[in-house]
Amino acid sequence: MLGNLASVISIADPWRVDSHGQDIKDLWWVYFLNAVSLTLGCSANVVLAFLPRKLFLASFCYFCACLIYVALIVSTDFVYYKDSGWSRTQGFWQCVCAASLYLIAGTFSITHSVYYRVRRQIHTLSPKFLKMELLLTIYLFYICIVGAAYHARTMLNCSFANGVYFAIVTCLTLGFGDLVPTKTLPRALDIPMVYIGLVLGGLVTVSIFEESSSEMKEARIIEKIEKLRKEAYVENYTQKESFDRMRHIVYRCSTISKLNMAALTLSWLVIFWLIGALVFHFTESWSYFPSVYTTAISLASVGYGDFVPSTPGGRSFFIHWALMAVPTVATTVSNVYSVFNAVLPKMRKGPADKLLKMDEPNLEYYVTEEHQSEGWVILTELSRADECDQLSYEVWNSVIQNLVYPEKLPEKFWLSKLSPLRNPTLDERTFLLLSCSHSLDRIH
């Protein structure tokens with residue numbers, strides 16, 4: 001979708017200016033090939049959204065769009081800029097960005113296709129991913145509308161690319177101050193534009209948080225848990241030992257996976273930061289430290305305005321770098337938070353542990369005929385537990401053995417295929433509440 005945004009800008013803005021800074025209209029075949037590339041890029045996105053199994057088709061569209069842009073870049077280098085005195089604009093550099101983004105998208109798409117073919121799996125998209133893609137499309141469309149609005153003479157009277165740049169700097173709360181509205185009308189429209197952009201950007205960020213804990217990652221964790229569970233099942237364990245062993249396997253696999261994802265996203269954040277600094281070092285002719293400083297400050301959505309991109313190449317790159325910074329930072333924060341949530345020790349015991357301190361901890365006491373009025377004590381106590389609490393073996397064993405599984409539990413039940421602890425995303429409190437409610441209803 002970022003490639004599509006770059007294509008739109010490269011069509012809207014001329015690719016060359018003369019020595020006086022006046023735009024020169026592009027040749028018809030540049031417009032035509034630009035439009036063909038944009039059509040191919042949009043078609044690839046439609047295929048990914050509605051035909052996720054056709055990854056090869058999406059890859060083909062991306063690569064074709066990239067090749068057309070490469071041909072345009074090479075041909076215009078001889079037609080436009082050789083011994084002509086004309087300079088490249090943001091329209092040209094957006095073409096370079098579009099070619100790069102389509103190449104990256106095509107590579108990722110065909111890599112995923114090969115991965116699923118090798119593993120003989122069917123590629124499907126989760127509702128979370130589709131929601132994220134829809135919100136991102138709406139957000140980028142809004143950026144384009146705002147850019148077109150501020151491109152008008154009554155507003156900033158700037159190029160379309162600069163209008164998009166202004167919209168992104170504003171909606172991401174950077175506020176560099178290099179482009180500012182000076183008339184009453186653009187200032188009045190800037191107020192709702194800022195808040196609408198903040199809302200849409202927040203929705204995109206939340207959807208990225210949700211997608212960062214994808215089903216594919218959960219499936220990989222479950223595979224590791226199953227492998228270790230089968231290895232442990234052949235050993236001799238008591239019921240209590242099998243419970244502790246299963247709990248340890250799930251915790252180990254989940255925590256290691258979260259640590260790996262956090263390390264991977266943190267590494268990518270650093271690489272993304274330094275790559276941005278390197279590009280600005282060459283496009284803006286800054287020394288390397290100001291480039292590192294500017295990208296670091298921008299990643300944190302802080303814009304002092306002491307260093308801002310001003311060249312056509314630098315601004316073109318910044319538009320896409322800033323938009324990619326949002327999912328990069330959001331994913332990193334999400335993964336680091338999941339690690340802290342997994343490894344930080346519990347500071348207190350859950351209220352459900354009070355069940356073990358009652359005079360009659362055996363749940364049979366609450367379900368006998370003479371104590372039916374007290375039968376919902378277990379539900380009351382469990383409902384007070386924290387949602388993410390891990391309940392003790394005694395609580396689990398009481399509920400499962402006395403209510404859910406009244407006959408004798410199979411040997412090494414907690415390591416068997418029947419064990420509810422096999423699911424790494426299990427909400428223990430909710431599971432036991434539903435189990436108790438169903439069992440007590442049946443008894444009554």
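In which helix do Glu 226 and Arg 229 both lie, and how many residues apart are they? Select helix H8 (residues 215-233): both residues lie there, three residues apart, about one turn of the helix. The model on screen is a predicted one.

**Stop 1: the salt bridges around Glu 226**

Show the side chains of Glu 226 and Arg 229, which meet in a salt bridge with an N to O distance of 3.2 Å. Both residues are buried. Glu 226 has a relative accessible area of 16% and is buried, while Arg 422, at 24%, is partly exposed. Through shared partners, the salt bridges join Glu 226, Arg 229 and Arg 422 into one network.

**Stop 2: Asp 77 and Arg 88**

The structure holds five salt bridges. One of them is between Asp 77 and Arg 88, with the closest N and O atoms 2.5 Å apart. Asp 77 belongs to helix H3 and Arg 88 to strand E3; the two are eleven residues apart, and the pair links distant parts of the chain. Asp 77 is partly exposed at 32% relative accessibility, and Arg 88 is partly exposed at 30%.

**Stop 3: the sheet**

From Arg 88, move to the sheet that contains strand E3. This is an open sheet of three strands in the order E2-E1-E3, with antiparallel pairing. Strand E2 (23-24) and strand E3 (87-88) are the edge strands, each pairing on one side only. Select strand E1 (residues 16-17) together with E2 to find two bridges in the antiparallel sense. Here Val 17 stands opposite Asp 23 of E2.

**Stop 4: along helix H3**

Return to helix H3 (residues 55-79) and pick Val 70. Val 70 has 39% relative accessibility and counts as partly exposed. With Leu 27, Val 74, Phe 78 and Val 79, Val 70 forms a nonpolar surface patch, whose accessible area is about 410 Å² together.

Now pick Ser 59, in helix H3 as well. Is Ser 59 buried or exposed? Ser 59 is buried, with a relative accessible area of 1%. Leaving out residues up to four places away in sequence, Ser 59 touches Gly 106, Ser 109 and Ile 110.

**Stop 5: the nonpolar cores**

The largest nonpolar core has 46 residues, of which Tyr 139, Ile 168, Phe 318, Ile 319 and Leu 323 touch the most other members. To display it by element, select helices H1 (2-12), H5 (127-151), H6 (160-171), H7 (184-212), H9 (239-283) and H11 (312-343), each of which gives two or more residues to this core.

Centre the view on Ile 319. Apart from neighbours within four places in sequence, the contacts of Ile 319 are Leu 5, Ile 9, Gln 90, Gln 94, Ala 161, Val 164, Tyr 165 and Ile 168. Another core, of 21 residues, lies apart from the largest one; among its members are Ala 58, Tyr 62, Ala 65 and Tyr 102.

**Stop 6: Thr 184**

End at helix H7, where Thr 184 is placed. Thr 184 is exposed, with a relative accessible area of 69%.

Conventions:
Residues numbered from 1 in each chain as written. Predicted model: local features only at pLDDT ≥ 70, side-chain atom pairs only at ≥ 80, totals over all residues. Heavy atoms only, no water. Pairing = 2+ DSSP bridges. Helix = DSSP H or I, 4+ residues; strand = E, 2+ residues; numbered from the N terminus. Core = buried A, V, L, I, M, F, W, Y, C linked by side-chain atoms within 4.5 Å. Buried < 20%, exposed > 50% of the residue type's maximum accessible area, 1.4 Å probe, protein only. Contact = heavy atoms within 4.5 Å. Patch = residues over 30% accessible without salt bridge, like charges linked within 9 Å, V, L, I, M, F, W, Y side chains within 5 Å. Areas by Shrake-Rupley, 256 points an atom, 1.4 Å probe, with all protein chains shown as cover. Salt bridge = Lys/Arg side-chain N within 4 Å of Asp/Glu carboxyl O.
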